[in-house]
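User: I would like to learn how to read a few features of a structure. Please give the general idea each time, then the case at hand.

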Amino acid sequence: MARVQLVISDEERDRFVRQARKEGMTLSAWLRTAARQRLAEQQKSQPFESPADLEGFFRACDALQGPGQEPDWEEHLAVIGRSRRRGFRK
């Protein structure tokens, strides 16, 4: 098993230890868990590797069924215009 040395401020160490104890873990176990969670999050979203991947993504999005047809651009502009005419209200 490898040993890793970590340089952090005393304040951070204290915060990490408090949180680890709240979760019923040692500091080492808490840090390992946090690192694994971060890796898992990073591995969820892979960047597109080619233009074909990007096109495939948009084809998949187009295939999803939404609640209806999106309004055309003129309708969007009309909504924006009405909002601007009303102005900002709290």
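User: In what order do the elements of the chain run from the N terminus on?

Analyst: This is a predicted model. From the N terminus on, the elements run α-α-α-α. The chain has 4 helices and 0 strands.

User: What radius of gyration does the chain have, and what would a compact globule of 90 residues have?

Analyst: The chain has 25 Å, whereas a compact globule of 90 residues would have a radius of gyration near 12 Å. The C-alpha trace spans about 60 × 45 × 25 Å along its principal axes.

User: What percentage of the residues count as buried?

Analyst: Of the 90 residues of the chain, 6% count as buried. The chain exposes about 9000 Å², and carbon and sulfur atoms supply 53% of that area.

User: How is a pair of aromatic rings described?

Analyst: It is described by the distance of the centres and the angle of the planes. In this structure, a search of the whole model finds 3 aromatic pairs. One of them joins Phe48 and Phe57, with 5.3 Å centre to centre and 55 degrees between the planes, and is tilted. Phe57 also pairs with Phe58, where the centres are 5.2 Å apart and the planes are at 70 degrees.

User: Why does the pair of Phe57 and Phe58 count as edge-to-face?

Analyst: The cut-off for edge-to-face is over 60 degrees, and the planes of Phe57 and Phe58 are at 70 degrees, so the pair falls in that class. The pair of Phe48 and Phe57, at 55 degrees, counts as tilted. Ring pairs link Phe48, Phe57 and Phe58 into a cluster.

User: How accessible are Phe48, Phe57 and Phe58?

Analyst: Phe48 has a relative accessible area of 46% and is partly exposed. Phe57 is partly exposed at 38%, and Phe58 is partly exposed at 44%. Phe58 lies in helix H3, residues 51-63.

User: Which residues form the nonpolar patch on the surface?

Analyst: The patch is formed by Phe48, Leu54, Phe57 and Phe58, which together have about 380 Å² of accessible area.

User: Now the charged side chains. How many salt bridges does the structure hold?

Analyst: The structure holds 2 salt bridges. In one, Asp10 is paired with Arg13, and the closest N and O atoms are 3.4 Å apart. In the other, the side chains of Arg13 and Asp14 meet at 3.0 Å, N to O. Asp10, Arg13 and Asp14 are therefore linked in a network of salt bridges, given a cut-off of 4 Å between nitrogen and oxygen.

User: Why do residues three or four places apart in an α-helix point the same way?

Analyst: An α-helix has 3.6 residues a turn, so residues at that spacing point the same way. Here Asp10 and Arg13 both lie in helix H1, residues 10-22, and are 3 residues apart, about one turn of the helix.

User: What span should helix H4 have, and how far apart are its end C-alpha atoms?

Analyst: Helix H4 covers residues 73-86, and at 1.5 Å a residue its 14 residues should span 20 Å. The end C-alpha atoms of H4 are 20 Å apart, which agrees.

User: Which residue just after H4 takes a positive phi?

Analyst: Gly87 does, with a phi of about 80 degrees.

Notes. Residues are numbered from 1 along each chain as its sequence is written. Side-chain values use heavy atoms; hydrogens and water are left out. Rings of Phe, Tyr and Trp (its six-membered ring) pair if their centres lie within 6.5 Å; planes under 30 degrees apart count as stacked, over 60 as edge-to-face and the rest as tilted. Buried means under 20% relative accessible area, exposed over 50%, partly exposed in between (1.4 Å probe, protein chains only). Helices (H or I, at least four residues) and strands (E, at least two) are DSSP runs, numbered from the N terminus. Patches are made of residues with over 30% relative accessible area and no salt bridge: like charges are joined within 9 Å, nonpolar side chains (Val, Leu, Ile, Met, Phe, Trp, Tyr) within 5 Å. Accessible areas come from the Shrake-Rupley method with a 1.4 Å probe; for residues, only the protein chains shown count as cover. The radius of gyration is taken over C-alpha atoms; the globule rule is 2.2 Å times the number of residues to the power 0.38. The expected span of a helix is 1.5 Å times one less than its number of residues.
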